[in-house]
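Subject: Structure for your files, with notes

Dear colleague,

Please find the structure below. My notes on it follow.

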Amino acid sequence: MLRILLNNGHGNNTAGKRWSFDGKTFFEWESNRETVRRVAKKLDALGIAYDIITPEDNDVPLATRAARVNALATKYGKANCLLLSVHSNASANHNAKGVSVWTSKGKTKSDAYAEI
């Protein structure tokens, strides 16, 4: 049974990770959490099990996030888990748009999910 592990990168106390335009400030951590909330809602509707790795608003060190992921992969079985780590990237280019999807080096099973 597939289990989705959702990680929303950067916290509200992460230095930088924001930009301002027309008196408004874009915070990466807010965008990440909103994206994860939306994905979780879709997964709920589809009946797909998931865990949110970083429910906190504050930044969680990478080592802690990795330990949480590894613990869940041990619990559910590594082959049954797909980690989706959401990271918004603020840009001084106010016309910037789009999505990037990154997987580990080399051809892996994750590449098929990235193509979707």
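By class, how many residues in the lining of the largest cavity are nonpolar, polar and charged? The lining has 1 nonpolar, 6 polar and 3 charged residues, where Ala, Val, Leu, Ile, Met, Phe, Trp, Tyr, Cys and Pro count as nonpolar, Asp, Glu, Lys and Arg as charged, and the others, Gly among them, as polar.

This is a predicted model, in which local features need pLDDT of at least 70 and side-chain atom pairs count only at pLDDT 80 or more, while totals for chains, interfaces and linings use all residues. Residues are numbered from 1 along each chain as its sequence is written, and side-chain values use heavy atoms, with hydrogens and water left out.

Confidence. The mean pLDDT (the predictor's confidence in each residue, from 0 to 100) is 88 for the protein, and 100% of its residues reach 70 or more.

Fold. The protein has 3 helices and 5 strands; these are DSSP runs numbered from the N terminus, with helices (H or I) of at least four residues and strands (E) of at least two. Along the sequence the pattern reads β-β-β-α-β-α-β-α. The C-alpha trace spans about 45 × 30 × 30 Å along its principal axes.

Sheet. An open sheet of 3 strands has the order S4-S1-S5, with parallel pairing; two strands pair if DSSP finds at least two bridges between them. S4 and strand S5 (81-86) are the edge strands, each pairing on one side only. On average, neighbouring strands of this sheet are turned by 20° against each other, direction ignored. Strand S1 (residues 3-8) is joined to S4 by 4 bridges in the parallel sense, and Leu-6 has Ile-52 of S4 as its bridge partner. Helix H1 (residues 28-46) lies across S1, S4 and S5 and runs at about 165° to S1. Contact here means heavy atoms within 4.5 Å; axes are lines fitted to C-alpha atoms, for helices over the stretch in contact, and angles run from 0 to 180 degrees between N-to-C directions.

Hairpin. S2 and strand S3 (residues 24-27) run antiparallel and are joined by 4 bridges. Trp-19 stands opposite Phe-26 in S3. The hairpin has 2 residues between the strands, and Asp-22 takes a positive phi near 50°.

On a 1 Å grid over the protein atoms alone, a cavity is a set of points where a 1.4 Å probe fits but cannot get out; a pocket is an open set with protein on both sides within 12 Å along at least five of seven lines, and lining residues have an atom within 4 Å of a point. Grid points are joined across faces, edges and corners, and a volume is the space filled by probe spheres set on the points.

- The whole structure holds 1 cavity of 30 Å³ or more. The largest cavity has a volume of about 30 Å³, and its lining includes Asn-8, Arg-33, Asp-59 and Arg-65.
- The largest pocket has a volume of about 1800 Å³. Its lining comprises 43 residues, of which Leu-84, Ser-85, Ser-100, Val-101 and Trp-102 lie nearest its centre. S5 gives the most to this lining, with 6 residues. By class, the pocket lining divides into 24 nonpolar, 15 polar and 4 charged residues.

Regards
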